[in-house]
Each structure stands twice: as C-alpha cells, then as structure tokens.
Amino acid sequence: MAAVSNGNPPVISPSTSLRKEWVRLNVGGTLFMTTKTTLCKDPKSFLYRICQDEADLGSEKDESGAFLIDRDPQYFGPVLNYLRHGKLVMDKNVVEEGVLEEAEFYNITDLIKLLKERIHSRDNSFGKSNGKHVYRVLQCHEDELTQMVSTMSDGWKFEQLINIGSQYQYGNEDHAEFLCVVSREYPNAVTSEKVTEPTDRAKVLQQLGSRM
C-alpha cells in the first residue's frame, strides 16, 4: 500500500510505475517484452485490449505473468516491430502471407493494408525484367556449332536454332547451315543496340526455315 504523508498524494515508486508500463507476451513459447505504449498503437487491435486493466479477454498467463498467445512467434516479430517504429521489416525466410495472417488475427488495420499492397505489387512484378534484350542472328556451318558455343561471351544465351538446309557440298557430303538466335539482357540505361522483339524474330526465322 502506498504511503501517505501530511495529506500529500500517495508516493508511487518509479520501479512500480515502470513495471506497470511493461508487458510480457508468451507467443507460441517465445517470450516477448514490450510496452503498453507500443501495444496500444492501434485502438481496434487485440493487443490494445490486452493493455486495458478492465479487459476480460479470458487470456491465461504463464508462471511469469506473461499473456499466453497460441500463435507463431516467427511471424509475430514483424508485427511487434511494426507497432514499435511503423516500418515493416522481415527476414528473408519470412513470407508476407504469414505476417498477413498474424496482422489479421491481431486486427492491426494499417499493417493489413500495407501487407496486401506489398503482396499485390510482388505478384504483379513477378517475371518482369528491368532491362532490355538484345537479339542477334548468327549463321554458321554444322561443324562450327561446337566452337561457337564454347567461345560465346558471358551473358549471351541461345534462344533458337534453325536448320536452313544444305548450302554447300564438300566432297560427297552435304553440310547443313544453321541460324542461331542468341540474346543478352542489358539495363535500360546501358543498351545502345537495336532491340528486336523475340516473337517477331522467331516468326521470321521459322518462316525462313520452313521454306528451305
């Protein structure tokens, strides 16, 4: 019981006030310690209700007095850090969908919106390239294919190989010739070569090969 002296207000120990500010959470067996100020960032969230002394959540506590929450601690960490500093920071082995599940469970509105936007942006940008592709068509004889592959510069890769038929005869044997389509990706600011759409180039080469 707090002491009263000469009619002055009760003296509250700083250590007592500090203990009331800190909250322990036992999430899936992992102990988290944070402040009521952090947990109360979203008044509509489940975590806000934990901080209310009169709240009747029916939440059990462990032997240390920490609130027991049966959720994945790996995905709770980003949620708690978002409440601390307002930024979403995740380890590379944590996926947005997992954090979204936790944000929805705790009903943290702004974080739910942010995660849905990030997932939408990620899915829409999947497979898109930030650079331009340069395509080249090389004509070579059958016996030159191996050498061309072994001496190809770094960054170039095969796209298509078309047999255009026998163009010359050496002795009694016909030697086929090929058109090799190769490509390389350049950043937008670097490329100065003419870029040809792969679909148009493929159509032209396929038509050429079919006429031979």
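**Close-up views of a predicted model**

**View 1. T34 sits in strand 2, which spans residues 30–35.** This is a predicted model, in which local features need pLDDT of at least 70 and side-chain atom pairs count only at pLDDT 80 or more, while totals for chains, interfaces and linings use all residues. Residues are numbered from 1 along each chain as its sequence is written, and side-chain values use heavy atoms, leaving out hydrogens and water. Helices (H or I, at least four residues) and strands (E, at least two) are DSSP runs, numbered from the N terminus. With a relative accessible area of 2%, T34 is buried (under 20% relative accessible area, 1.4 Å probe, protein chains only). Which residues is T34 in contact with, leaving aside neighbours within four places in sequence? They are E21, W22, V23, L39, L80 and R84, where contact means heavy atoms within 4.5 Å.

**View 2. Helix 5 covers residues 96–106.** Its buried residues are E96, G98, V99, L100, E102, A103 and Y106. These pack against strand 1 (22–27), helix 3 (46–50), strand 3 (67–69), helix 4 (73–85) and helix 6 (109–125). Do look just past the end of helix 5, too: N107 takes a positive phi of about 60° there.

**View 3. The largest nonpolar core has 27 residues.** Such a core is a set of buried Ala, Val, Leu, Ile, Met, Phe, Trp, Tyr and Cys residues joined through side-chain atoms within 4.5 Å. The members touching the most others are L25, L47, F76, Y106, I108 and L111. Two or more residues each come from strand 1, helix 3, strand 3, helix 4, helix 5 and helix 6. Helix 4 gives the largest share, 6 residues. In soluble globular proteins, nonpolar side chains tend to be buried together.

**View 4. L25 and its partners come into focus here.** Not counting residues up to four places away in sequence, L25 touches T30, L31, F32, L39, L47, I50, A66, F67, I69 and F76.

**View 5. The whole protein has 8 helices and 6 strands.** Along the sequence, they follow the pattern α-β-β-α-α-β-α-α-α-β-α-β-β-α. Of the 212 residues, 30% count as buried. Among contacts with a separation of 6 or more, 58% link residues 24 or more positions apart. The protein exposes about 14600 Å², and carbon and sulfur atoms supply 49% of that area (Shrake-Rupley method, 1.4 Å probe).

Key
Buried < 20%, exposed > 50% of the residue type's maximum accessible area, 1.4 Å probe, protein only.
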